[in-house]
Amino acid sequence: MTPISWYLALSAVLFAIGTVGVLTRRNLIVVFMAIELLLNAVNLSFVALARGLGSMDGQVIVFFVMAVAAAEAAVGLAIMLQLYRLRETLNADEVTTLRW
Amino acid sequence: MSIPLFLIFAALTVASALVVIIHRNPIYCALGLVSTLFLLALLFLGLEAHMVAVLQIIVYAGAIVVLFLFVIMLLNLQVEERAMVPRPLIAVAAAGGILLGALVLVGIAQTPLAAPVPVHADYGGTEPLAERLFTTYLLPFELTSLLLLVAIVGAVVVGKRRA
């Protein structure tokens, strides 16, 4: 049986990759995918710790995270669709109307 | 899950996660995301979270990524010339990411974790999950349904063409 801490380590690595993705990509859709990576890294932590404790609570939280991620993806992609119609671009550097 | 199997899955997961953030073509990024999510579902199976693994494939790999692919193809996004921020900023971001990962890894290495306790045969199945969902977590569960309703209405209102 693999130790729980190995799963947590993999989760940390995935979270770091997702963070770098959010910081470095310009395409808003890819930034969104990196955010999904972050959510999944945390999900892995939840499931691993739930298994370590022999409790189901962590898995229930993962269920909620998935529901929130689905809601977030639907609204976020609708916003991007509208943004593309308005600006013909999804480049985060060119959408600066709200930038101070 | 045995250790060699875990190492193979972990390496593949990290590789497909890197494809998501590095590839210039958004379609390949989405395919990398699908692969990452499938491999995570396999890791969930290794942790005896059967129901969550199935949900991961149906909801994440099935619904959410299809939504991503749908939008990418609808907008006909091509390979980008300038997919990334300028090079010095990439270096700073990568250094920050490595630092973040290293910090968390040190934290994990220093935390004593007990060996996993033995669990029942039905651990991670539909029944114990549903039992928690409809007793302890009933209020969050109902709020989730409200959240999804609001998200659907919001997505339709935002997404529709102005008349």
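Me: Which domains is chain B divided into?

Reply: Chain B is divided into domain 1 (1–80) and domain 2 (119–163); such bounds come from an automatic or database domain assignment. This is a predicted model, in which local features need pLDDT of at least 70, side-chain atom pairs count only at pLDDT 80 or more, and totals for chains, interfaces and linings use all residues. Residues are numbered from 1 along each chain as its sequence is written, while chains are lettered from A and ligands numbered from 1 in the order in which they are written.

Me: What separates the centres of domain 1 and domain 2 of chain B, and how many residues does each give to the contact?

Reply: Taken over C-alpha atoms, the centres of domain 1 and domain 2 of chain B are 21 Å apart. Domain 1 of chain B gives 4 residues to the contact and domain 2 of chain B gives 6, where two residues are in contact if their C-beta atoms, placed from the backbone, lie within 7 Å.

Me: Why is chain B called more spread out than a compact globule?

Reply: Chain B has 6 helices and 0 strands; helices (H or I, at least four residues) and strands (E, at least two) are DSSP runs, numbered from the N terminus. Its radius of gyration is 20 Å, well over the 15 Å that the globule rule gives for 163 residues, so chain B is more spread out than a compact globule. The radius is taken over C-alpha atoms, and the rule is 2.2 Å times the number of residues to the power 0.38. The C-alpha trace of chain B spans about 50 × 45 × 25 Å along its principal axes.

Me: What makes A:Gly52 count as buried?

Reply: A residue is buried if 20 or more other C-beta atoms lie within 10 Å of its own, exposed if 12 or fewer, and partly exposed in between, with C-beta atoms placed from the backbone. A:Gly52 has 20 C-beta neighbours inside 10 Å, and therefore counts as buried. A:Gly52 lies in helix α2 of chain A. Leaving aside neighbours within four places in sequence, A:Gly52 is in contact with A:Ile4, B:Leu113, B:Ala114 and B:Pro116.

Me: Why is α1(A) described as largely enclosed by the rest of the structure?

Reply: Of the 21 residues of α1(A), 16 are buried, so the helix is largely enclosed by the rest of the structure. From first C-alpha to last, α1(A) reaches 31 Å, close to the 30 Å expected at 1.5 Å a residue; the expected span is 1.5 Å times one less than the number of residues.

Me: How many residues does the largest nonpolar core have, and what makes a set of residues a nonpolar core?

Reply: The largest nonpolar core has 65 residues. A nonpolar core is a set of buried Ala, Val, Leu, Ile, Met, Phe, Trp, Tyr and Cys residues joined through C-beta atoms within 7 Å. Those with the most contacts inside this core include A:Ile29 and B:Phe44. The helix α2(A) gives the most to this core, with 14 residues. At least three residues of this core come from each of domain 1 (1–80) and domain 2 (119–163) of chain B.

Me: What does each chain give to the contact between chains A and B?

Reply: Chain A gives 60 residues and chain B gives 70. The largest share of the side of chain A that touches chain B, 22 residues, comes from α3(A).
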